[in-house]
Amino acid sequence: MSSSKAIKRRNNSIANALNARFYHENALAYAKGGYRVTERDSFRKTMDAEMKALVEDG
């Protein structure tokens, strides 16, 4: 068995945090019967604000 070699490293912290926020918002909506949260303008605005905050804190 050969060992693997790291070719490139990247910081996925922003993507991971945004993904966590997505699942959190989706779970909140789902608990209230909202099964199409991604189609709501309020969801898009929340995710845009989260992305902006994450990039600024970067």
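Because the model is predicted, local features were considered at pLDDT of at least 70 and side-chain atom pairs only at pLDDT 80 or more, whereas totals for chains, interfaces and linings use all residues. Residues are numbered from 1 along each chain as its sequence is written, and side-chain values rest on heavy atoms, with hydrogens and water left out.

A search of the whole structure returned 3 aromatic pairs, a pair being rings of Phe, Tyr or Trp (its six-membered ring) with centres within 6.5 Å, classed as stacked when the planes are under 30 degrees apart, as edge-to-face when over 60, and as tilted for the rest. In one of these, the ring centres of Phe22 and Phe43 are 5.7 Å apart and the planes stand at 75 degrees, so the arrangement is edge-to-face. Since Phe22 belongs to helix H1 (residues 13-31) and Phe43 to helix H2 (residues 41-57), this pair ties together parts 21 residues apart in sequence; helices here are DSSP runs (H or I, at least four residues) numbered from the N terminus. Phe22, with a relative accessibility of 25%, counts as partly exposed, whereas Phe43, at 7%, is buried, where buried means under 20% relative accessible area, exposed over 50%, and partly exposed in between (1.4 Å probe, protein chains only). The rings of Tyr30 and Tyr35 also form an edge-to-face pair, with centres 4.6 Å apart and planes at 75 degrees, and both of these tyrosines are exposed.

Apart from residues up to four places away in sequence, Leu54 touches Ile14, Ala17 and Leu18, contact meaning heavy atoms within 4.5 Å.

Arg44 likewise lies in helix H2 and, at 40% relative accessibility, counts as partly exposed. When its neighbours within four places in sequence are set aside, Arg44 is in contact with Thr38 and Glu39. The C-alpha atoms of Arg44 and Arg21, which are 23 residues apart along the chain, are separated by 12 Å.

Definitions and conventions
Helix = DSSP H or I, 4+ residues; strand = E, 2+ residues; numbered from the N terminus.
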